[in-house]
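The following exercises concern the sequence and coordinates shown below.

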Amino acid sequence: MKRLCIHYPVLAAAVLVVLLHLVLAATDKTFYMTQITMSAYYALVVIGLCLLMGYAGQISLGHAGFFAIGGYTVAVLTTYNLSPYRESTWLGSLRSLGLIVQWQDLYGQEVLSLSPWVAFVAALLLTALIAVAIGLPVIRLKGHYLAMATLGFGLIIYRIVLGAKLFGQADGISNLPAFHLVGGLQVNGRAPFRVQNYYLAWAAVLAAMVLSLNLIHSRVGRALRSIHQSEEAAHSLGIDTYRYKLATFVLSAVLAAVGGALLTHYNGSIGPSEVTVMKSVRYVAIVAVGGMANLWGAMVMGVLLNFLSLRGVFGSFDDAVFGAILIGVMLFAPQGLLRVPRLRGILFVGRASSLAFQRVVRGCTTYVRRSHG
Amino acid sequence: MDSVLLETRNLHRSFGGVHAVRDVSMKVPVGAIKAVIGPNGAGKTTLFNLIAGTTTPHRGEVLFRGKRITAWKPHAVASLGIARTFQTTKLFPQMTVHENVMVGRHPRTRAGFLAGMLNLPHTWREDRETQAKALEILNDLGLEVYAEETAANLSFGRQRLVEFARALATEPALLLLDEPAAGLNIYETKELSQLILKIRDRGVTCLIVEHDMSLVMTISDEVVVLDQGQKIAEGPPSAIQRNSDVIRIYLGDEHA
């Protein structure tokens, strides 16, 4: 059972997600679920960035760029109308393979487009490819230089999105079809699918948490932390530091792309505001508030701060607030908000619930064992 | 040739106008303790870095078991069986002592990113073996009581021992020790020499850069003396102690 003990907090979090649903339903506030769902997808970006910054010790000020590559790729591929080619044989064969979907746009026009599954896989592959191409030269840089290089990458993606007709320029791309997963499950932002999507998004976040927690507790995780703490020593112990940093860069880029692709399906659209430098800075600020090498902190803050932002709590000072958060954290809580003594209570709730869960699970297993033997 | 573990041939490296290492050729036999001595700035650490791959030579070759490893990257050199410690101890300060040594198991284990993320049963088993092996090494060096201590909290001498343990965890054939006695008192230095002998007796060849003459003269089988980047003497400790060139560079002309 010890192998799974890092997962108790995930189970506890899953219970809290259900409780949150019940509370929202009881207080007639289920409309909040829409923003929670969106925030959860943003949290995927933050989780990936936390692996890169907190564990591998590398900064990226271009993660909005990877989010956008994921989002825009699915947007372009799933909205590009292939009806003019309906007679061609290649479309026919793609159709017989089930890679083409047929739907109606807002005006009742029939649209033939690539299946969201194909678009999704293509988006992740493309992101990985671009991350490798950018990472190969850039990840050799350190500190400020790496920050500037990734910042430049983010800016390039922003200008491309804003300039290219293919990406809808300032309007972005809208009217994406729903993403049918399996059975009746679909990533769809319409009100009837609200509850289902709330759980889908959380499932994605918790799955990402499980994978990331496993990773940081593994041989690779130790190697990453060692690179962060003394690159020279890590290198001398047989760790290919360059390869590990690059792989983490690509992994975190792909996680950002997953968030981007799913959120774009959920919103049904994506626009250049997702690609601004301030978005990248926001992700960095959230990882910092969460405590850098603290996946749980990053995830919770990722959901919480994005939720507040989406609810408009910060008004038109949205970006200013995130900038201020970054400065404030660096000055007053460099270990993250959860390490500030007065705010430890938050941690306590998390720990207590995970501990309670551990007890319950342990109780159940002993009960099962006794009743069988 | 079988008995030579490491060989350098005319190894050369300069920084700007300074020739840090000039055409140094030497052989380290299997199972030996070989020391590299010389005054400050003689190029000892540079020589180490050239062997370990941290610095690339301008000329010359490094051979390990007869294989050319010149200018290999440090991680590749380490995976081949050459471990090192540093002049100023470089532990992973925020990790526990146990974790530090577990990192040392890296070249002997396999789990990659995907296996790590999925934490499959065999991945988990490998990690448990890593934990056990690291504990075993700590036990062996009498460090088990510090296993759960954060590395940064240990005293200087203990940190150095942990660095030893970490290097040994890679199961090296050759251990490069860069001034292992620096900053240790005479008792600690004595313990250290016992430890180095013990490591050697288990089949690990040692190459030591050292200032501490008592350590060098008591434990090493062979000594190489560097001065201004050049090899000026090589031989058993007793011969080196009588060598007039060596006495001159250490004590001055009037003693030679």
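Helices (H or I, at least four residues) and strands (E, at least two) are DSSP runs, numbered from the N terminus. The model is predicted: local features need pLDDT of at least 70 and side-chain atom pairs count only at pLDDT 80 or more, while totals for chains, interfaces and linings use all residues. Residues are numbered from 1 along each chain as its sequence is written, and chains are lettered from A and ligands numbered from 1 in the order in which they are written.

**Exercise 1. Chain A as a whole**

Task: State the secondary structure content of chain A and determine how its radius of gyration relates to the globule rule.

Solution. Step one: chain A contains 14 helices and 6 strands. Step two: the radius of gyration is taken over C-alpha atoms, and the globule rule is 2.2 Å times the number of residues to the power 0.38. For 373 residues the rule gives 21 Å, and chain A has 22 Å, so chain A is as compact as a globular protein of that length. Step three: along the principal axes, the C-alpha atoms of chain A fill a box of roughly 60 × 55 × 45 Å. Step four: a residue is buried if 20 or more other C-beta atoms lie within 10 Å of its own, exposed if 12 or fewer, and partly exposed in between, with C-beta atoms placed from the backbone. Of the 373 residues in chain A, 47% are buried. Step five: two residues are in contact if their C-beta atoms, placed from the backbone, lie within 7 Å. Among contacts in chain A with a separation of 6 or more, 79% join residues 24 or more positions apart.

**Exercise 2. Chain B as a whole**

Solution. Step three: its C-alpha atoms occupy a box of roughly 65 × 40 × 35 Å along the principal axes. Step four: 45% of the 256 residues of chain B count as buried. Step five: residues 24 or more positions apart provide 67% of the contacts in chain B with a separation of 6 or more.

**Exercise 3. The contact between the chains**

Task: How many residues does each chain give to the contact, and which helices of chain B each supply at least two residues?

Solution. Step one: chain B gives 32 residues and chain A gives 25 residues. Step two: on the side of chain B that touches chain A, helix 2 (74-80), helix 3 (97-104), helix 4 (113-118) and helix 5 (121-140) of chain B each supply at least two residues. Step three: Ala, Val, Leu, Ile, Met, Phe, Trp, Tyr, Cys and Pro count as nonpolar, Asp, Glu, Lys and Arg as charged, and the others, Gly among them, as polar. This side of chain B accordingly divides into 15 nonpolar, 12 polar and 5 charged residues.

**Exercise 4. A helix pair in chain A**

Task: Describe the arrangement of helix 8 and helix 10 of chain A.

Solution. Step one: axes are lines fitted to C-alpha atoms, for helices over the stretch in contact, and angles run from 0 to 180 degrees between N-to-C directions. The axes of helix 8 (residues 219-229) and helix 10 (residues 241-267) of chain A come within 10 Å and cross at roughly 110°. Step two: angles under 35 degrees count as roughly parallel, over 145 as roughly antiparallel, 65 to 115 as roughly perpendicular and the rest as oblique. The two helices are therefore roughly perpendicular to each other. Step three: Ala223(A), Leu224(A) and Ile227(A) in helix 8 meet Thr241(A), Tyr244(A), Lys245(A) and Thr248(A) in helix 10. The residues of this contact divide into 4 nonpolar, 2 polar and 1 charged.
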